[in-house]
Amino acid sequence: MSGRNDLTLDRRAVVATLLRDPGELLVVTGLGAITYDAGAAGDRPLNFYLWGAMGGTAMIGLGLALAQPTKRVLVLTGDGDMLMGMGSLATIAAAHAPNLAIAVLDNAAFGETGAQSSHTGLGADLAAIAAACGWPTTVTARSVDEVAALQPRLRSERLFAVIRISPAEVARHLPPRDGAYLADRFRRALGVAEH
Amino acid sequence: MPQTTWQADAFAALKRARIAQVGYVPDAGHSHLIKSAHADPHMHTTVLTTEEEGIALAAGAWLGGHRAVLLMQSSGVGNCINMLSLPVNCRMPFLTLVTMRGEWGEFNPWQVPMGSATPAVLTAAGVHVHRVDRPDEAGEMVGAAAALAFGSGVPVAVLFSQRLIGTKVF
């Protein structure tokens, strides 16, 4: 599963597919390119973008999913962020939140810092790790068709998905990065702001 | 005896503050709180593999309209530092209750460095630090810390002194 031969998908097209017609989908994105991809797909109040806090994206998704059990939560992040928060795969599997799915865009590299090989390029398989942590369903997608098939499943299942993408850099698209603004507009859009 | 009393007071303060999610890395000093949280139908408990997960969990809970607390030991504070940029940067409330090691009568030298550094490290990272030394102040202190965190949107830590908890002996 690891290696670099299957890294062909265009990340921006993948994220555009996953976030098409988002409705009330609650989206949390990990720092770096995935935040730019989500912004490029269309900025919206129910997107919470991280620009730091590496390793924490999936756990934010869990706290949100537990607080909003009737809504769907989608965590979109990269292999570096997921590797840093690898323990959270066990924590989230143990928490059994049925309304949370995670999709990791895996380019097998630390793209923001000079494209050094990450562990997924050196043999680690995040989908297998998630399965071993107790995730009931894990998927690895490598083609446009597989990504299209994944889109509805990420909005209905308790699913951990790895999507193998090209490590090629794409143009930066910078969504808002003021954390207080992002948190406040998210809570207001959700109707949970206390004042 | 006084042990369960101050812990019960702390739990009652969390209930009054409408805490709905409890993330924890276990510690003997938190065992009563953890047990009470598990038994409470209005609290969702999450056992963590490392303490910084609890900061991200609390941030997600807040985005979704829940109030959360993180229970940990002083040794775990060091694991949290960069993740504290999340509540600080997003001006989110964050509440943590920390049981202290490495101070009063500590027998394990490995607990001492992080125990000694805990208040300074939290302060440097932007966290307001309260400390409980006497059993009778636990409930009031947790209540005030929760009011500060959720009312003013800042990170707050309550340190339970090792003298209060009782020195661990083998």
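**Exercise 1.** Find out whether the crossing of α3(A) and α3(B) is left-handed or right-handed, and how the two helices are oriented to each other.

*Solution.* Keep in mind that you're working with a predicted model.
- Start with the handedness: α3(A) and α3(B) cross in the right-handed sense.
- Next, take the geometry. Helix α3 of chain A (residues 57–67) packs on helix α3 of chain B (residues 52–63) at an angle of about 40°, and their axes are 6 Å apart.
- Angles under 35 degrees would count as roughly parallel, and 65 to 115 as roughly perpendicular. So α3(A) and α3(B) are oblique to each other.
- Now see who meets whom: residues of α3(A), including M59(A), I60(A) and L64(A), meet residues of α3(B), among them A56(B), L57(B) and G60(B).
- By class, that helix contact has 12 nonpolar, three polar and one charged residues.

**Exercise 2.** Work out which element gives the most to the side of chain B that touches chain A.

*Solution.* 
- Chain B puts 28 residues into the contact, and chain A puts in 28 residues.
- On the chain B side, β2 (44–47), α3 and α5 (85–89) are the elements that give two or more residues.

**Exercise 3.** Trace how the chain gets from β5(B) to β6(B).

*Solution.* 
- Strands β5 (residues 128–132) and β6 (residues 155–160) of chain B pair in the parallel sense, over five bridges.
- Between β5(B) and β6(B) the chain passes through helix α7 (residues 138–152) of chain B, making a right-handed β-α-β crossover.
- To check the pairing, find V132(B): opposite it stands F160(B) in β6(B).

Technical notes
Residues are numbered from 1 along each chain as its sequence is written. Chains are lettered from A and ligands numbered from 1 in the order in which they are written. This is a predicted model: local features need pLDDT of at least 70, side-chain atom pairs count only at pLDDT 80 or more; totals for chains, interfaces and linings use all residues. Two strands pair if DSSP finds at least two bridges between them. Helices (H or I, at least four residues) and strands (E, at least two) are DSSP runs, numbered from the N terminus. A crossover is right-handed if, with the strands pointing away from the viewer, the path from the first strand over the helix to the second runs clockwise. Axes are lines fitted to C-alpha atoms, for helices over the stretch in contact, and angles run from 0 to 180 degrees between N-to-C directions. Angles under 35 degrees count as roughly parallel, over 145 as roughly antiparallel, 65 to 115 as roughly perpendicular and the rest as oblique. A crossing is left-handed if the near helix is turned anticlockwise from the far one by less than a right angle, and right-handed if clockwise. Two residues are in contact if their C-beta atoms, placed from the backbone, lie within 7 Å. Ala, Val, Leu, Ile, Met, Phe, Trp, Tyr, Cys and Pro count as nonpolar, Asp, Glu, Lys and Arg as charged, and the others, Gly among them, as polar.
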